[in-house]
Each structure stands twice: as structure tokens, then as C-alpha cells.
Amino acid sequence: MPTIATDRRLSVRTMRDEDAEYALIERWRSQPHVHEWWDPDDPPPTLEQVRAQYGPRVRGEDATTACVIELDGTPIGYLQFYRWRAWPEDDTALDVRADPDTFGLDVFIGEPDLIERGLGTRAVDHVCAYLERDLGASAIALTTERTNLRAQRAYEKAGFRKVREVLDTDTRDGERVWCWLMVRRTIPA
């Protein structure tokens with residue numbers, strides 16, 4: 001599968017349409033440190049739910065590109081990217097103010113023993129460079145819950161800045177949550 005970004009030990013590649021890949025996502029999404037921030041109101045997804053949600057992304061039937069993060073060739077996490085304009089309801093609801101070349105990005109390190117080691121920051125920085133260089137991204141925008149300080153630090157190290165607080169479309173305990181809209185720009189706003 002195509003490699004999107006790489007350095008000596010860390011790489012990000014597109015996800016494969018294989019049961020083993022879907023099983024990784026199922027296992028990672030059930031990890032407490034991932035489930036805490038990814039759809040916490042829902043139970044962790046089953047393998048069939050993962051296949052149904054991620055399959056279209058993997059096969060290019062969805063505007064989101066699904067990727068696997070690898071360390072020394074071993075899968076350790078997930079990253080996805082998309083053009084914000086492909087999701088106009090979220091763009092409007094979150095007041096992203098996306099132009100046609102604004103991308104969104106989401107990431108998690110699935111292996112609990114590998115969190116807080118800078119791997120997510122490196123993967124995000126490498127994929128942002130790819131989006132900017134190869135796909136012409138003018139900005140990469142994302143949201144992270146106000147209380148998710150680990151994610152905020154990682155994104156800031158990858159060149160993101162907090163722009164403003166927004167009421168996210170994601171929920172926690174049935175309520176929409178306040179998040180930071182964070183942006184990494186390649187051209188001035």
C-alpha cells in the first residue's frame with residue numbers, strides 16, 4: 001500500500017482492505033485511552049461495525065483517507081485525513097471557515113505502551129507536510145476537546161495553533177462538547 005510519509009522508523013501508509021487491518025482498528029478503538037476521546041458515548045465498535053465504517057474509506061468510496069501508522073514496520077495507530085468541504089455540515093457547525101484546500105485530520109496511537117512518546121506528533125507533522133506539499137493544503141484544521149491536553153500538546157508541537165473554542169458535533173454524555181479549533185496554516189489567513 002502507498003506510503004504517505006516516512007522517516008527512519010515511523011511511517012504512515014494507507015490502510016488495507018483486509019480483515020487484519022479492521023481487527024487492529026477494532027482492538028485499538030476498545031483501548032481506554034482511545035475510547036475516552038473517540039465516540040465515548042458509544043460502545044467500542046465490533047469488527048463488523050469497523051468494516052462498515054472504515055471499508056468505504058479504504059476503498060476510496062468516501063472522502064476520508066484511512067491510514068495506519070507504523071513503527072519499524074509494526075502497526076501502532078490510525079490517522080485519517082479529508083477535505084473539510086466534503087463535510088459541509090460539520091464545516092458550518094464548527095465554523096471552520098474552510099477553503100477548498102483546507103484539510104481535516106484525526107489521529108490516535110492505539111498501542112497503550114507507545115502513547116506520550118511523540119509518535120503521534122511525528123505522524124501528524126509528516127502527514128501535514130505531505131498534504132501541504134503534494135495536495136496543496138492551505139491549512140489543516142481539527143478539533144480537540146478542551147480537556148484533552150495530551151492531544152493539544154501533540155498538535156502544537158506539530159505546528160498547530162489554537163484559534164477559538166467551538167461547540168463540537170461530537171458528544172460526551174449526550175451533550176455536544178467544547179473543543180479547541182486548532183489550525184496549521186501554510187498561507188496567511
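Contact here means heavy atoms within 4.5 Å. The model is predicted, so to speak of local features a pLDDT of at least 70 is needed, side-chain atom pairs count only at pLDDT 80 or more, and totals for chains, interfaces and linings use all residues. Residues are numbered from 1 along each chain as its sequence is written, and side-chain values use heavy atoms, with hydrogens and water left out.

**Exercise 1. Find Leu94 and work out what it touches, not counting residues up to four places away in sequence.**

Step 1: look in the loop between α4 (88-93) and β5. Helices (H or I, at least four residues) and strands (E, at least two) are DSSP runs, numbered from the N terminus.

Step 2: list the partners. Leu94 touches Trp84, Thr143, Val166, Leu167, Asp168 and Thr169.

Step 3: check the cover. Leu94 has a relative accessible area of 3%, so it is buried. The cut-offs are under 20% relative accessible area for buried, over 50% for exposed, and partly exposed in between (1.4 Å probe, protein chains only).

Step 4: compare positions. Leu94 and Leu105 lie 11 residues apart along the chain, and their C-alpha atoms are separated by 14 Å.

**Exercise 2. Which residues have the most contacts inside the largest nonpolar core?**

Step 1: set the rule. A nonpolar core is a set of buried Ala, Val, Leu, Ile, Met, Phe, Trp, Tyr and Cys residues joined through side-chain atoms within 4.5 Å.

Step 2: apply it. The largest core has 30 residues, and Ile69, Leu79, Phe81, Leu105, Val124, Tyr155 and Phe160 have the most contacts inside it. α5 gives the most to this core, with seven residues.

Step 3: zoom in on Tyr155. Leaving aside neighbours within four places in sequence, its contacts are Leu105, Val107, Val124, Leu142, Thr144, Phe160 and Met182. There's also a second, separate core of 14 residues, including Tyr22, Trp38, Val50 and Phe108.

**Exercise 3. Trace how β6 pairs with β5 and β8.**

Step 1: strands pair if DSSP finds at least two bridges between them.

Step 2: β5 and β6 run parallel, joined by three bridges, and Phe103 stands opposite Ile140 in β6.

Step 3: β6 and β8 run antiparallel, with seven bridges; Glu145 has Cys179 in β8 as its bridge partner.

Step 4: follow β8 to its other partner. β7 (residues 161-172) and β8 (residues 175-185) pair in the antiparallel sense over eight bridges, with Arg161 opposite Val183. Two residues sit between the strands of this hairpin, where Asp173 takes a positive phi near 55 degrees.

Step 5: check the cover of β6. Six of its seven residues are buried.
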